[in-house]
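Biologist: I have a few questions about the labels used for this protein. Could you walk me through them, please?

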Amino acid sequence: MPSPESPVPAFPMDLLAPPDPARLPLPPAARAVPGVRLLRGAVYGVPDGARPLEADLWLPEERSGPVPVVVFVHGGAWRTGLRDDLGPRFRHWTPGPFARLVRAGLAVVCPGYRLSGEATHPAQLDDLRMLLAWLHGRAGELGLDTGRTVLWGESAGGHLAALAAVTAPGAADTATVRGCATWYAPSDLVHLFEDAVHGDACDPATYEALLLGAAPADVPERARDASPVAHVTADSPPFLILHGTGDAIVPFAQGERLAAALRRAGVPVDFRPVCGGDHLWVGVAEAGVERCFTATLEFAARCVR
């Protein structure tokens, strides 16, 4: 034991660093349904001071070459949610929506991300960018063609998918986003409460304020930075936007705002109002819900063709 006069040896702090997610072993694959391999809980990032970030990967059992990728970003008001949950209208589907996408020739990746109780904007966007870089780095062993990646999200996840799509860095070391599909997603946090019949931009307790770290009215530049409409350029990828005309949570006008911004920039956009549909497709007939899913699958297939 060193004496009080002895210098304390410097501890090699690099030993505390977590292993590089790019080199961690992948989780074992399970057979979700015939033809589909499921890798649950692959660690794609370890942000400083936060929990490890994980993703589930739905992959084809057999393939003739690298397959294109759909990244699904879950909703939950940036506050909660499960990474593999598309909402209550899809929980009874057999096979489930992600297995159906795989059977259509697409791989599906469902990432978790830091929620607003853990970190504020732009942490969630940073997490998605981290995921896209991780996927690209491990594309060979996973059998993925990350040069053909489509982002898709619902509600808060749609907001994050859109934000990632319109701010994609275009670097060689990350996946290339070829399209983005959003369902009933916020797109303009600066004007959200003008569109809504309830809520207050000065209220620090709204879900949007919790994402931003302050009431949107108090941090207008941060609210603008977190708004996909503010980042649309002519280089943005094509979009599919589905939004219920009766949405009581995220106003229908938010979908209109994103579609208008994309059109002004000359970006291809397919904006499909879902007549009478509420949030989470509440009030939409089963056939209508099926059409929403089919439209998204067909859009993703066109983007990666």
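Modeller: Gladly! Buried means under 20% relative accessible area, exposed over 50%, and partly exposed in between, with a 1.4 Å probe and protein chains only. This is a predicted model, where local features need pLDDT of at least 70, side-chain atom pairs count only at pLDDT 80 or more, and totals for chains, interfaces and linings use all residues. Residues are numbered from 1 along each chain as its sequence is written, and side-chain values use heavy atoms, with hydrogens and water left out.

Biologist: Why is Phe 11 called exposed?

Modeller: Its relative accessibility is 52%, and the label exposed asks for over 50%. Phe 11 therefore counts as exposed.

Biologist: How do you know whether Glu 61 is buried, exposed or partly exposed?

Modeller: Glu 61 has 32% relative accessibility, so it counts as partly exposed.

Biologist: Which parts does the salt bridge of Glu 118 and Arg 51 tie together?

Modeller: Their side chains meet at 2.5 Å, N to O. Glu 118 lies in the loop between strand E5 (107–111) and helix H2 (123–137), and Arg 51 in the loop between strand E2 (36–45) and E3, so the bridge ties together parts 67 residues apart in sequence. Glu 118, at 42%, is partly exposed, and Arg 51, at 34%, is partly exposed too.

Biologist: And is Asp 85 buried or exposed?

Modeller: Asp 85 has a relative accessible area of 19%, and the label buried asks for under 20%, so Asp 85 is buried. Asp 85 forms a salt bridge with Arg 91, the closest N and O atoms being 2.7 Å apart. Arg 91, with 57%, is exposed.

Biologist: How many salt bridges does the structure hold?

Modeller: There are 16 of them. Some share partners, joining Arg 40, Glu 54, Asp 56, Arg 83 and Asp 84 into one network.

Methods. Salt bridge = Lys/Arg side-chain N within 4 Å of Asp/Glu carboxyl O. Helix = DSSP H or I, 4+ residues; strand = E, 2+ residues; numbered from the N terminus.
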